[in-house]
Each structure stands twice: as C-alpha cells, then as structure tokens.
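Visitor: Please take a close look at the ligand and the space around it. I would like the contacts, the shell and the cavity described, with the cut-offs used.

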Amino acid sequence: MSQEVSSRSTWSNRWAFILVTIGSAVGLGNIWKFSYIAGASEGSVGVFVVVYLACVALIGLPLLMAEILIGRRGRGNPVAAMLNTAEESGNSSWWALLGWAGIFGALMILSFYSVVSGWMVDYFWQYLAKGVQVNTPEETKAAFDAMMADPWRLSFWHTIFMILTVGVVARGVVSGIEIANKIMIPMLFLILILLTLWGAAAGDMPTALRFMFNLKVEAIKAGVVIDGMGHAFFSLSLGMGAIMAYGSYLDKDTNIGNTCLWIAIVGALIGLLCGAAIFSLTFGYGLTPAAGPGLILQTLPLAFSDMPGGRIFAVFFFLLVIFAAWTSSISLLEPFVSWLTERFGIRRSFAAWGTALPVWLLGVAVCLSFNEWARFKILGRILFEMLDHLATRFMMPLSGLAIAIYVGWRLGKVIVLDEIRLKQRMFRLWFNVVRFIVPVGITMIFLYELVLRDWFK
Ligand code: PHE
C-alpha cells in the first residue's frame, strides 16, 4: 500500500537544496573525524586520503544521486519513499527495511554525534567566556581528560546541543532547516577561508600537505582502506535516510546530477581545507597529530595559546565546528521526525521533541561510557566507539550497497531515467557505475578488510 503524503514542503529553490545538503554533509566528519582518523593512520595517511577521495568520486557521488532519486520519486520520508517506489516498480515492500535501517542508523549516529558536538560547545564557551591558556601538551591533555571524566559536564553540553538541534527541526522544513542552513553555511564558508589563510600563515602548510598526501602503500595499516570508504560515506551523509529525506523535498525540475556534483566537490574540498588548516597548525607548533578522538582538542589549544590573536581564532574555530555539526545533526533527526509526522499526522514539534528524548538518553549513556561505565565493553570497545564503528564501518556501506542494488537492478530503467534525466552518455556511465562499480567496490573493500586483515582490531 502506498503511503499518501498530502501536502509536502519543498525547498525554495535549487540553491536552497544544495545548501542544506552541503550542510548535512559538512560536519564533524570533515573536521573532527577526518583529522583524527588521518592522524591515527600514521604512515598511511596518504592511502586513507586517496581511498577517501576515490570513494567520494566513484561510490559516493553516484550513490548521492541514487539516494536523492529515491527520495524525490517516493515523495515521502525514507520508509514511505522506499514503499512508494517499490510499489511503483513492482518490488517487494520488504525494501522498506532499507528506509528503516536508515532512520534508525541516523538516530544512532545522532546520539554520539551530539555528545562530540557538546565537547565543541564546551570549548567554544571556555574560549568565549574566559580564554584558555595552556603551555604544555600535558596541560591540554589534562584539560581534555578532565572534561571526559566528568559525566555531568559532558551531559550538560550534549543536552544543550540536542536542544539546538530539535529547535531547528521542530520549526519545519523551510522555516526551520532551510533558514538555519541559509544563515550558517555562508558564515561557515567565510570563517573557513579566513581560518585556512590564517592557519597557513601561522602554521606549517607544506608539512601538513606532505603528511596528508604521503602515499606509502607498503605501510598500509589494517583498517585504513575501509576507514577511507567509511569516511566517504560518513562525510557525504550516505545511507542513513538523511539525503533521501532531503531529496523528498526537492522539486521535480532540479537536475540531480549537476546538483550532486556540486555537493560532492564542495564537501570533499571543505574536508581537505579543514584537514590542511588543522595539520598546518599542528605541525607548525611542533605537535604530533596522533591523539585519537580528542585530537583537535588536545593539540589545537596549544597552537591557540601561542599564536597572536589565538583566543579570537579559537572562538571562530569552534563556532565553525558548531555550525558544521549543527547543520548535520538536524539532518540526522529529520528522517525519523518526517516519518512520525507523515505516518501518524502528529505535530512536527511534538514529533521532534519526542524523538529527541530516547536519542538524548542514549547520548547520556555515551557520556558515561567515557568514565563511570568505561569498564563495560562490547567487543573491546566502549559504547561510544561501538556506535561509531557499527554505523560507519557497517551500516553506512551496507545501506549504500543495498541502495545501489535497488536503483541499479530493481527500480527499472524507465523510472530511473525519468527521475535522473541525464543525457544519454552520462546516464549510461552513471547507471553502469551504480550497477557494477559501486556494489563490486563496496564488496571488495569489505572482503579485503574482513578476509585479508584483522580489521576488528
Ligand atoms: N556528514 C556528516 C558529517 O560529516 C554526518 C552525517 C552522517 C550526517 C550521516 C547525516 C547522515 O559530520
């Protein structure tokens, strides 16, 4: 049975859609995660970066188009969109499971995403309110460890961030999500350009670039290849219903191909710029980048303390991170909220606050997993790491695989062509990539890491 969705909002125009999708894509992934995974794959950073960029181009971009296509064709939240398109193309309604996996996966990510965003709000507040002066690596580490050891403090900022997120989603698609992105994304660009230039001047850009693009294939560490792929998925918000939900508010006339090209290029570029700025400061001040998830909070404060105007730099830097994280977290909450409102006809604000509650609770458990509950491990990982690994390494690529199979092999060429409207040659190229390259690529990377390497280490 198809789910009728009566009056749906649509983005004001094509640029609004590009903006919100970039808002979803560019987030903690580009700033926090990119720098810490790259830092952690010391010796094979270049491999990670190249795998990431290759996956963005060969797997991410085609899948981005496929996901938007499903959302727009299905004209509904991820579950409804899957049901509607499955019905139209004569496929089993079991495909709706893919929508479910997406909306729950997104909430899972949101639970720890909000906690990490909370760290950023905490640091932002510290720099804004009183400034932070640290002189040795031990001091910054001790400051970071003190925050991580305090479940109240972590939960407090996590709560603030959840409220910020819900506040936007509750206001609606156009008057909430679109407006928030229209304000934050241009500011984010501006700050980023400013900080990159400043970072390049104050830091050591050549070493940073050498570090990021140093391709030593013989030094590949376990997990680097799958990390690169997982990161491409994470940083493009793929497979989690977010893009599908945003695509469902896209008008019929917008060209999906061009739009996605923009999103992928800008997304990857911002990722690289952030990485370059962060590593440039890291090396410029004689610090080492391998610090784990706390990397930017354990190294950058030293650089901020040292550089002229460092406090202002820090305030803007954390503002940038907060904008990036905020525009992503709203896209993590939206899929489930849109399902609730469309399925049960309940008020959006009610749906948004109601969804946020269990996610917030899981987030509090994540805060505790760093301290009080640190001894409880699942497969050797604390809850925080477990959620992240499960989502990034498993759920996102597997959902991506399923989307490729669905669009490439099940939906039927007529529907796909009608929705994607690429010129014939481009269409053939894209369609074959979705049918062959994407599934084979994802499967090969899985096999490579699963069979050839002890990747769960
Ligand atoms: N792309 C976001 C980031 O890089 C995270 C995200 C993942 C958002 C999945 C939505 C869906 O931070």
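Guide: An oxygen atom of the ligand lies 2.8 Å from a polar backbone atom of G29. A nitrogen atom of the ligand is 3.0 Å from an N or O atom in the side chain of S237. Taken alone, the ligand exposes 320 Å², and the protein buries 100% of that (accessible areas by the Shrake-Rupley method with a 1.4 Å probe).

This is a predicted model, in which local features need pLDDT of at least 70, side-chain atom pairs count only at pLDDT 80 or more, and totals for chains, interfaces and linings use all residues. Residues are numbered from 1 along each chain as its sequence is written, and side-chain values use heavy atoms, with hydrogens and water left out.

The shell around the ligand has 15 residues, and A25, G29, Y113, F234 and S237 come nearest; a residue is near if one of its heavy atoms lies within 4 Å of the molecule. At least two shell residues come from each of α1 (14–25), α2 (28–40), α10 (224–235) and α14 (310–344). These helices are DSSP runs of H or I with at least four residues, numbered from the N terminus. By class, the shell has seven nonpolar, eight polar and no charged residues. Here Ala, Val, Leu, Ile, Met, Phe, Trp, Tyr, Cys and Pro count as nonpolar, Asp, Glu, Lys and Arg as charged, and the others, Gly among them, as polar.

The ligand takes up the space of the largest cavity, which means that more than half of its atoms lie within 2 Å of the grid points. A cavity is a set of points, on a 1 Å grid over the protein atoms alone, where a 1.4 Å probe fits but cannot get out; lining residues have an atom within 4 Å of a point. The largest cavity holds about 130 Å³, a volume being the space filled by probe spheres set on the points, which are joined across faces, edges and corners. Its lining has 15 residues, with S24, F234, S237, S328 and L332 nearest the centre. Two or more lining residues come from each of α1, α5 (96–129), α10 and α14, and α14 gives the most, with three residues. The lining of the largest cavity divides into eight nonpolar, seven polar and no charged residues.

Key:
A polar contact is a pair of N or O atoms within 3.5 Å; within protein, one must be able to donate a hydrogen and the other to accept it, and residues adjacent in sequence count only if both atoms are side-chain atoms. On a 1 Å grid over the protein atoms alone, a cavity is a set of points where a 1.4 Å probe fits but cannot get out, and a pocket is an open set with protein on both sides within 12 Å along at least five of seven lines; lining residues have an atom within 4 Å of a point.
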